[in-house]
There are 2 protein chains.
Amino acid sequence: MNKFTNIAIVGLGQIGNYLYNELNNKKKEIEIKTGKKIKIVAISAKNKNKKRKFKIDKKIFYSDPLIIFKSKKIDILFESIGQSDGISKKIVETALKNKVNVITPNKALIAKHGDYLAKLAEKNNVNLEFEASVAGGIPILRAIKEGLATNKINKVYGILNGTTNYILTEMEKTGENFDKVLKKAQLLGYAEPGNPKLDLNGFDAFAKIRILSALSFNTKISKNRCIMEGIENIRLDDIKIASQLGLRVKLLGISEIINGQLFETVHPCLVSKNTYIGNVNGVMNAVITEGKPVGESILQGEGAGPGPTSSSLLSDLLSILRGKTKYPFGIPSNKRKSIKSFNNDNYTNSLYLRFEVNDKQGVLLLITNRLAKFKISVKRIIQTPDKKNKKATIVIITHKTTEINAKSCLSIFKKNKNILKFPILIRLYN
Amino acid sequence: MNKFTNIAIVGLGQIGNYLYNELNNKKKEIEIKTGKKIKIVAISAKNKNKKRKFKIDKKIFYSDPLIIFKSKKIDILFESIGQSDGISKKIVETALKNKVNVITPNKALIAKHGDYLAKLAEKNNVNLEFEASVAGGIPILRAIKEGLATNKINKVYGILNGTTNYILTEMEKTGENFDKVLKKAQLLGYAEPGNPKLDLNGFDAFAKIRILSALSFNTKISKNRCIMEGIENIRLDDIKIASQLGLRVKLLGISEIINGQLFETVHPCLVSKNTYIGNVNGVMNAVITEGKPVGESILQGEGAGPGPTSSSLLSDLLSILRGKTKYPFGIPSNKRKSIKSFNNDNYTNSLYLRFEVNDKQGVLLLITNRLAKFKISVKRIIQTPDKKNKKATIVIITHKTTEINAKSCLSIFKKNKNILKFPILIRLYN
């Protein structure tokens with residue numbers, strides 16, 4: 001019998017490398033807390049000689065991660081490559097089939113293949129843990145699976161992407177435009193230097209919402225697209241106008257059971273500055289659950305970066321070292337139900353609409369008539385003339401209306417020569 | 001072998017009775033999540049025939065809870081009597097010695113005898129779980145023990161008592177005085193109808209802080225008194241003045257490692273209305289931890305009432321049903337260190353001081369001279385005359401000073417005939 005728990009780390013980027021260092025530093029503490037001695041016996045990455053923040057032991061380096069299982073007895077594998085398919089999927093699959101426990105921060109993988117991989121883990125009687133895949137250092141998955149376990153959760157939502165929250169906060173604070181703040185975020189390491197698209201377009205937050213839904217409602221991961229919008233179209237003008245109205249733009253992920261159907265979405269929202277969610281700023285993440293009997297629970301913390309992520313990866317490790325095998329999604333896979341999706345067309349919100357128009361008589365009337373035709377009633381109009389250029393900005397806050405009405409109503413404005421751009425739409429959170 | 005996990009509930013007050021009902025309702029769900037069938041085989045309370053919200057099965061009722069262990073095989077005991085000693089201690093002790101797992105929301109018991117009981121549980125290889133003892137439905141203990149397990153936590157603080165937070169919030173909102181709002185809290189079930197003293201004087205929050213310290217810092221439960229103040233001396237006047245200054249009164253529990261020494265306190269604080277903690281209102285609780293590498297984590301939720309408490313009790317139950325035996329405080333008792341206490345005299349804060357004085361020349365000078373003598377420098381003075389009565393209110397916000405300086409400085413004002421009451425002191429949170 002091996003008296004060590006053998007660990008392999010595949011992927012030595014920012015996160016894998018930080019984790020490698022943490023595991024080495026915290027061996028003693030982990031032994032005290034769990035009674036188990038851990039040993040990193042294999043590491044793998046694309047480039048053996050890449051410059052890394054923490055020095056790695058090249059004697060245990062494998063160029064091909066799939067070889068590891070053939071040459072060493074591994075108990076726990078950390079996957080920190082981060083692809084939704086390809087080698088990430090292959091390595092996790094292989095590990096589980098070889099009865100190796102898997103820990104991963106890979107939300108793209110879990111959101112896409114979580115159901116299949118959970119089943120595979122259960123079949124092989126090993127754990128698949130992914131606390132770090134949602135909201136970095138916030139132990140939200142464990143809270144739902146364990147701390148709030150027997151509650152009936154009806155809604156889970158929050159700020160799930162630190163990059164976009166940083167950008168929105170910074171734009172409001174400094175008055176700098178999107179491109180400038182994005183560059184700053186990239187310099188600070190908050191946004192991917194190469195391709196920040198998956199953060200900005202809501203994809204990253206959407207993967208997290210899918211995982212949260214599955215855990216909160218004991219359902220299979222939904223395949224439906226629902227509404228996914230990022231912050232690419234949010235302009236400084238909108239942030240400034242919102243601020244004057246006591247509102248703030250936040251990219252929210254929302255998952256809710258409406259009439260027994262699952263509604264999942266990620267889109268920018270206008271929230272009141274006086275609310276809790278309106279004051280979660282910078283790179284902070286926050287997740288709010290509404291459950292019975294517990295009521296509303298809020299978890300807030302740093303959502304990204306190697307420190308918080310590593311905190312969650314190690315909590316997964318301790319969970320495996322301390323306990324028996326657990327169901328990856330809290331209940332057996334065969335008890336997780338498929339759930340019908342809510343029809344997005346019926347999603348209802350008050351809207352913020354911003355029109356850039358020629359400052360001509362009749363234009364406002366054209367807009368309000370069009371709104372009235374689709375039974376969208378106006379709560380507030382703010383018209384700001386730009387006399388020099390004979391233009392004007394018209395901002396309209398509407399009463400609640402459905403997605404389908406809003407979409408149909410706005411479609412016509414593509415063609416009108418007095419409407420200079422297709423109107424900006426931001427939903428109000430209520 | 002018994003295919004059921006046998007459960008006993010001792011104490012059928014508001015919480016025990018609610019729990020009894022929840023356990024019966026959620027049997028199926030618990031079986032799905034853990035694979036274990038539970039059965040309530042014994043209940044006990046002072047009064048068998050008391051009117052309860054949920055009907056109990058009198059066939060399994062025991063007048064003397066200590067008999068239970070002699071007549072039935074119990075796997076898990078819920079203790080919900082709530083005394084720090086007496087029968088609560090006796091029953092928990094007896095259970096652990098009989099190798100019965102114990103779950104309790106009893107913070108007074110754990111804060112006083114937690115070290116001893118944890119050792120007893122470890123010796124007998126059973127679990128002692130007390131998630132519900134701190135912050136009701138918020139899974140904060142599990143977060144510290146598991147979700148944030150390998151972080152080095154340096155500070156933990158928050159709003160730990162829903163009753164006092166409700167009272168302070170309501171006083172500010174309605175402008176009603178302490179006594180009136182307390183009565184309302186009692187009517188709503190937020191404060192004990194008979195004796196709300198332990199909530200109001202900070203004792204309840206202090207017990208919770210002790211438990212949080214022990215878990216956060218891996219130390220033994222401290223026996224030192226430190227500073228414990230409740231909200232009994234907070235007057236509506238102070239709340240109103242604070243509000244004008246952009247501040248809000250909150251009863252905070254704070255535990256921190258300062259220069260390697262433990263500092264624990266509960267006292268009212270003035271916090272900015274713009275901060276997170278300043279916006280945790282009503283019966284809400286919030287706990288904030290500062291750890292490395294995770295950074296700041298916030299958990300917020302309903303802190304009291306049978307629903308949230310029962311949510312935590314059931315999370316303890318699932319933890320026992322799912323896993324192996326765990327250390328009650330996250331690490332073995334013999335690894336938990338004693339820690340020296342920080343000298344309260346050196347605790348440093350800005351102060352809010354309110355003096356009721358005779359409106360005579362020289363009184364303000366008397367006060368400021370006295371402050372100067374103790375090197376307490378003044379940041380702000382607000383003097384409000386009450387000409388009709390020839391009195392005045394003087395509010396002084398000071399720069400930072402130590403407890404010992406503040407105490408010595410204020411002592412003289414007991415004797416001065418122009419100072420009509422001993423000054424009100426509220427520390428500013430910084």
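Student: How many bridges join strand β5 (residues 101-103) of chain A to β6(A), and in which sense do the two strands run?

Tutor: Strands of a sheet pair through backbone hydrogen bonds, either parallel or antiparallel. In chain A, β5(A) and β6(A) run parallel and are joined by two bridges. Across that pair, A:V102 stands opposite A:L128 of β6(A). Strands here are DSSP runs of E with at least two residues, helices are runs of H or I with at least four, and both are numbered from the N terminus. Two strands count as paired if DSSP finds at least two bridges between them.

Student: What should I know about the model and its numbering?

Tutor: The model is predicted, so local features need pLDDT of at least 70 and side-chain atom pairs count only at pLDDT 80 or more, while totals for chains, interfaces and linings use all residues. Residues are numbered from 1 along each chain as its sequence is written, and chains are lettered from A and ligands numbered from 1 in the order in which they are written.

Student: In what order do the six strands of the open sheet in chain A stand?

Tutor: The order is β3-β2-β1-β4-β5-β6, with parallel pairing. The edges are held by β3 (61-62) and β6 (128-129) of chain A; each has a single partner strand, so one side of each is left without a neighbour in the sheet.

Student: What is the strand order of the open sheet in chain B?

Tutor: In chain B, six strands form an open sheet ordered β3-β2-β1-β4-β5-β6, and the pairing is parallel. β3 (61-62) and β6 (128-129) of chain B stand at its edges with a single partner strand each, so each has one side without a neighbour in the sheet. Within this sheet, β1 (residues 4-10) of chain B runs parallel to β4 (residues 76-79) of chain B, and four bridges join them. B:I9 has B:F78 of β4(B) as its bridge partner.

Student: Which strands of chain A does β14 (residues 351-358) pair with in the antiparallel sense?

Tutor: One is β18 (residues 424-428) of chain A, over four bridges. There, A:L351 has A:R427 as its bridge partner. Another is β16 (residues 391-398) of chain A, over seven bridges.

Student: In which sense does β10 (residues 261-272) of chain B pair with β18 (residues 424-428) of chain B?

Tutor: The sense is parallel, over two bridges, and B:L270 stands opposite B:L428. β18(B) is also joined to β14 (residues 351-358) of chain B by four bridges, and those two run antiparallel.

Student: At what angle do helix α7 (residues 162-174) of chain A and helix α8 (residues 178-187) of chain A cross?

Tutor: Two packed helices are described by the angle between their axes and the distance between the axes. Axes are lines fitted to C-alpha atoms, for helices over the stretch in contact, and angles run from 0 to 180 degrees between N-to-C directions. The axes of α7(A) and α8(A) cross at roughly 130° and come within 9 Å. That makes α7(A) oblique to α8(A); angles under 35 degrees count as roughly parallel, over 145 as roughly antiparallel, 65 to 115 as roughly perpendicular and the rest as oblique. The crossing is right-handed, a term used if the near helix is turned clockwise from the far one by less than a right angle, and left-handed if anticlockwise.

Student: Which residues of α7(A) and α8(A) make the contact?

Tutor: α7(A) brings A:T163, A:Y166, A:I167, A:E170 and A:M171, and α8(A) brings A:F178, A:V181, A:L182, A:K184 and A:A185. Contact requires C-beta atoms, placed from the backbone, within 7 Å.

Student: How many residues of chain A are in contact with chain B?

Tutor: 43 residues of chain A are in contact with 43 residues of chain B. On the side of chain A that touches chain B, α12(A) gives the most, with nine residues. β12(A) pairs with β12 (residues 295-302) of chain B in the antiparallel sense over five bridges, where A:L299 stands opposite B:L299.

Note on methods
Contact = placed C-beta atoms within 7 Å.
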